[in-house]
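Good morning, and thank you for making time for this presentation. I would ask you to keep the sequence and the structure in view while I speak.

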Amino acid sequence: MLLSVENVHKRFGGLVALQDVTVGMDEGRIFGLIGPNGSGKTTLVNIISGFLRPTSGRIVFDGREIQAEPPHRIARAGLCRTFQITLNPARMTVMENMLLGAKQQTGEQVLRGALHPMAVRREEAANLQRAWELLEMVNLHHHADEFAGSLSGGQKKLLALVQILMAEPRLILLDEPVAGVNPRLIDDIVDVIFRLREAGHSFFIIEHNMGVVRRLCDRICVLDMGQVLAEGAPDDVLAREEVLQAYLAAGGDVEDA
Ligand code: ADP
Ligand code: MG
């Protein structure tokens, strides 16, 4: 198993945000985390990515316990995330943003850079090449030299997605990848995620758009009031009475959640 969340509890003062949550996913899959507002999704993602510590329980990524690691160590181990609100530095070009996402560069270690200038140049060339290919995949290569701030909202989401890939992650955590994106661009984003999965990438996705969840995810887990309510194939899980009830009780509908 690539990622395993084991008996995780999280309390904020007197409030129990997560209670004995156990979920896991295999490599090469798209795993979806859904649930009504306030059910604990963001809290769980913050714990997995190291921005919060669980009150108790374990997170095992690629065979290694990470629940006590800080975010940058977890990212370096290959578990990278996007945020619900994407913030690419607006006054940098699209290409500069991409290169910013690249893995630890040899040139950053001054001594190594001085001793191995050819190695540094090769690495930079390889990063440029990879950045260009990724931009081509999401059709942003024509905008490579424009400021990231001039892109549309949907294009910024696509940029955030491919920028993460510059770090060559083992698992990509996406927090609502299609929120606030127009329907045509939603199809583009779904298509890109599928192609990346075909190329062997793994995704852990929080998503409110149920159509997208059905199309994308191999398995989903439903959180309700901090507990796992159901887990399995999307069509099975979304048809369960207790899942519909949970969304209705939270004042929403499973179709427009
Ligand atoms: P979701 O992302 O599913 O909407 P959250 O994980 O944001 O849910 O929140 C789960 C519960 O934990 C909510 O009741 C929320 O108010 C509470 N909560 C989240 N973060 C904090 C915090 N930093 N301090 C106190 N309570 C929090
Ligand atoms: Mg949330």
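This is a predicted model: local features need pLDDT of at least 70, side-chain atom pairs count only at pLDDT 80 or more; totals for chains, interfaces and linings use all residues.

How far is an oxygen atom of ligand 1 from an N or O atom in the side chain of Thr 42? The distance is 2.9 Å.

Let me begin with the ligand. In Thr 43, a polar side-chain atom lies 2.6 Å from a ligand oxygen. With Ser 39, it is a polar backbone atom that is found 3.2 Å from an oxygen of the ligand. Taken on its own, ligand 1 has 560 Å² of accessible area, and the protein covers 57% of this.

Which residues are around ligand 1? They are Phe 12, Leu 15, Ala 17, Pro 36, Asn 37, Gly 38, Ser 39, Gly 40, Lys 41, Thr 42 and Thr 43. Sorted by class, this shell contains six polar residues, four nonpolar residues and one charged residue. Two elements, strand E2 (15-25) and helix H1 (41-48), each contribute at least two residues to the shell. The most comes from H1, which supplies three.

Is Ser 39 buried or exposed? Its relative accessibility is 1%, so Ser 39 counts as buried. The side chain of Ser 39 reaches the backbone oxygen of Pro 36 at 2.6 Å, and Pro 36 is itself among the residues around the ligand.

Why can H1 be called largely enclosed by the rest of the structure? The reason is that seven of its eight residues are buried. These are Lys 41, Thr 43, Leu 44, Val 45, Asn 46, Ile 47 and Ile 48. After H1 comes Gly 50, which has a positive phi, near 90 degrees.

Between H1 and strand E4 (56-61) there is a loop, and Ser 49 lies in it. Ser 49 is buried because its relative accessible area is 3%, and the cut-off for buried is under 20%. What does the side chain of Ser 49 reach at 2.7 Å? It reaches the backbone oxygen of Val 45. The side chain of Ser 49 also makes a polar contact, at 3.1 Å, with the side chain of Arg 81.

Leu 173 and Val 45 are separated by 128 residues in sequence, yet their C-alpha atoms are 7.8 Å apart in space. Leu 173 is found in strand E7, residues 171-175. Its relative accessibility is 1%, and Leu 173 therefore counts as buried.

Val 23 and Leu 33 are ten residues apart along the chain, and 9.8 Å separates their C-alpha atoms.

Two backbone details remain. Asn 7 is not a glycine, although its phi is positive, at about 50 degrees. Asn 7 is placed in strand E1, residues 3-12, and at 42% relative accessibility it counts as partly exposed. Met 225 is not a glycine either, and it too has a positive phi of about 50 degrees. Where does Met 225 lie? Met 225 is in the loop between strand E9 (219-224) and strand E10 (227-232). With a relative accessible area of 65%, Met 225 is exposed.

My last item concerns a ring and a charge. Arg 91 sits over the face of Phe 147, 4.6 Å from the ring centre.

Thr 42 places a side-chain N or O atom 2.9 Å from a ligand oxygen, and H1 gives the most to the shell around ligand 1. Thank you; I am glad to take questions.

Technical notes
Residues are numbered from 1 along each chain as its sequence is written. Chains are lettered from A and ligands numbered from 1 in the order in which they are written. Side-chain values use heavy atoms; hydrogens and water are left out. A residue is near a molecule or strand if one of its heavy atoms lies within 4 Å of it. A polar contact is a pair of N or O atoms within 3.5 Å; within protein, one must be able to donate a hydrogen and the other to accept it, and residues adjacent in sequence count only if both atoms are side-chain atoms. Accessible areas come from the Shrake-Rupley method with a 1.4 Å probe; for residues, only the protein chains shown count as cover. Helices (H or I, at least four residues) and strands (E, at least two) are DSSP runs, numbered from the N terminus. Ala, Val, Leu, Ile, Met, Phe, Trp, Tyr, Cys and Pro count as nonpolar, Asp, Glu, Lys and Arg as charged, and the others, Gly among them, as polar. A charge sits over a ring if NZ of Lys or CZ of Arg is within 6 Å of the ring centre and within 35 degrees of the ring normal. Buried means under 20% relative accessible area, exposed over 50%, partly exposed in between (1.4 Å probe, protein chains only).
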